[in-house]
Number of protein chains: 2
Amino acid sequence: MTNKVPNTSDGKNSVARRLVILTEGHSEPITAKTAASVLRYKPEDVLALLDTTQVGKTAQQLLGVGGEIPVVANLDAVPKANTLMLGIAPPGGRMPEAWRSVILAAIDRGMDVVSGLHDFLSNDAEFCNAAKLKGVQLIDVRKNNERDVADRQNIREDCLRIHTVGQDCSLGKMLVALEVSHALECAGQKSKFIATGQTGIMIEGDGAPIDCVVADFVSGAVEKLILANQHNDILLIEGQGSLAHPRYSGVTLSLLHGCMPHGMIMCYEVGRKNVNGMEHVPLQPLSKLVNVYETMANLMCPSKVIGVAMNSQFVSADEAEAEREKIRRELGLPVCDVIRHGPEELVQAVQALLPQLATS
Amino acid sequence: MTNKVPNTSDGKNSVARRLVILTEGHSEPITAKTAASVLRYKPEDVLALLDTTQVGKTAQQLLGVGGEIPVVANLDAVPKANTLMLGIAPPGGRMPEAWRSVILAAIDRGMDVVSGLHDFLSNDAEFCNAAKLKGVQLIDVRKNNERDVADRQNIREDCLRIHTVGQDCSLGKMLVALEVSHALECAGQKSKFIATGQTGIMIEGDGAPIDCVVADFVSGAVEKLILANQHNDILLIEGQGSLAHPRYSGVTLSLLHGCMPHGMIMCYEVGRKNVNGMEHVPLQPLSKLVNVYETMANLMCPSKVIGVAMNSQFVSADEAEAEREKIRRELGLPVCDVIRHGPEELVQAVQALLPQLATS
């Protein structure tokens, strides 16, 4: 079962989705990563951000994407909007209580509401009653009823599986998978981005929200995504968390073993020293993590890290170049920032695996 | 939040629990591991097994525990029973459809029903209506609402954390943790068994059913068990699955990183060649797995495998001795079958860590 998210407000492709993205008090790139990613990949859908603390600024100023899309103080400022999207991903996925009145106001205006939080809108009696009254949809992207275990059967070995893995959560594994997949498509390959988180699903329109699946069934949910999409030549499977993350390492391993990648792209953020949201926990060195990921992936099938995606958004161009050279030397792998440099080096590393696949 | 399971039929300690355990068509040690474990640790609670295919045999004959406790064909044969327990743990945790009429018959007789399956009795309208009518309880041991992430704060380093890990699922990790914890208590240590699965919870009366927790919150659920019990000197934390299990490795890693063991006991079953229930997937060698577990545990805190628990139930005494010597030589660690040899070697290995803890 794949979670489908309508890209139109009524799910029938008849009314275009016109979004206001709620980022109240959190309009910065990491916490508002859902907003930032939808702005990057679906800017045509977005009319405004809603954050009363940042009114008058633009999306570009706050999140580095989205150009002149404005930040507004309330829904009255965006009368044409038909969908409210909740645009942050807080630890634990809980909804700030202050958002309740905004969601109810949106429903009252006849807007659908899209949420990627662990707390489901559709489990909330007040939201449900209001939505029923107004005939609008509450779309919980993480909601699922996954109940299948992995089987390791019928997996096609002529479909190349590439997985983005990382040093931490929230540093660009989804973005790298999207960029590399798009670049492969531009190069004529039949490539598909496999979304495994709520933001990826909102962008791609399908996928599985694996961090919200009952633990026993995560690798099964991932395996089903592989089986459903292996008619493509290449799958770029979005990573989650990190094998060294104190909170989410199990999600990461279920995903790694569920998708059994032939190749992995190691993602990290230049300058990040500690686990995101856990300042008392230092990050593990990249070289150590390359070994850890390869060791764990190889328990299921032969796999190696084929390149490194650096996220250099918080450093200068000069610093980024110096870092790129350093990591190239240290790990002996292609290294690039897919936004700053483009994804070409990683695309070539992926393509280099295709002939091996054909002969294996 | 810890799942509590009443050890009495009405949860008020006034009526003793008198169980019939349903094992219909699955009365063998691995699939009926819930039944076998309750028979081993709570035989005084069990009046009969219910399996129409094995009537007239004893629990001992079928499961190797339980002595003369009989196998019966229906509930009429056990008029004093007040609780029906579902005694198997099938892959995926789904209830065989044929059990429905037995469960309804039990409810109709005024019996409570205890289940460890992923399919909750209390989500089934027919069971709920029947239970309400008769005023009986439906107890879903796996049901939980865990929503906390791990924090890695306030963990006491003077409480020794020992974790049973394994080559596969269903080979004795719970039993080893129970036996070692009980032996430590007998030796005067303040030790506590930490249940992480439905059967362990049924035996211990508390714990967390981690394989049924939403994936993001598994290590958080485990960390809460540690925080709630670290007033003891030693915790014996029940393992789940295996880091090399295609289906459940993520559950295993969430548990490992949630409990951050100082020491691990490696459990395996002599003669098992392939993953339980996945005959097409060979098991990984023990020596390799020792490295894998130590590598992954050390990402969180210093940890090592301190001994090996062999499950030799399916081989002769001579074969068990030969195997024990072989593994001792191969891994350079204490090795014993906690049932056949007793847990003394492992108890000593645990106790040897206590002075190090005091000085760390």
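Author: Let's begin with burial: a residue is buried if 20 or more other C-beta atoms lie within 10 Å of its own, and exposed if 12 or fewer do. Keep in mind that this is a predicted model.

Reader: Okay, which residues of α7(A) are buried?

Author: V218(A), S219(A), G220(A), A221(A), V222(A), E223(A), L225(A) and I226(A).

Reader: And what do the buried residues of α7(A) pack against?

Author: Within chain A, they pack against β7 (160-166), β8 (191-194), β9 (234-237) and α8 (249-259). Chain B joins in too, through its own α8 (249-259).

Reader: How do I check the span of helix α7 of chain A?

Author: Count 1.5 Å a residue: the twelve residues, 218-229, should span 16 Å, and the end C-alpha atoms are 17 Å apart, which agrees.

Reader: Back to chain B. How many of its residues are in contact with chain A?

Author: 36, and they meet 35 residues of chain A. On the chain B side, α7 (218-229), α8, β12 (278-282) and α9 (286-298) each give two or more residues. The largest share, six residues, comes from α8(B). By class, that side of chain B has 19 nonpolar, eleven polar and six charged residues.

Reader: Now backbone angles. Which residue of chain A has a positive phi although it is not a glycine?

Author: One case is N154(A), with a phi of about 65°. N154(A) sits in the loop between β6 (138-140) and β7 of chain A.

Reader: Is N154(A) buried or exposed?

Author: Exposed, because 9 other C-beta atoms lie within 10 Å. In chain B, R152(B) has a positive phi of about 60°. R152(B) counts as partly exposed, with 18 C-beta neighbours inside 10 Å.

Key: Residues numbered from 1 in each chain as written. Chains lettered and ligands numbered in written order. Predicted model: local features only at pLDDT ≥ 70, side-chain atom pairs only at ≥ 80, totals over all residues. Helix = DSSP H or I, 4+ residues; strand = E, 2+ residues; numbered from the N terminus. Expected span 1.5 Å × (residues − 1). Contact = placed C-beta atoms within 7 Å. Nonpolar A, V, L, I, M, F, W, Y, C, P; charged D, E, K, R; others polar.
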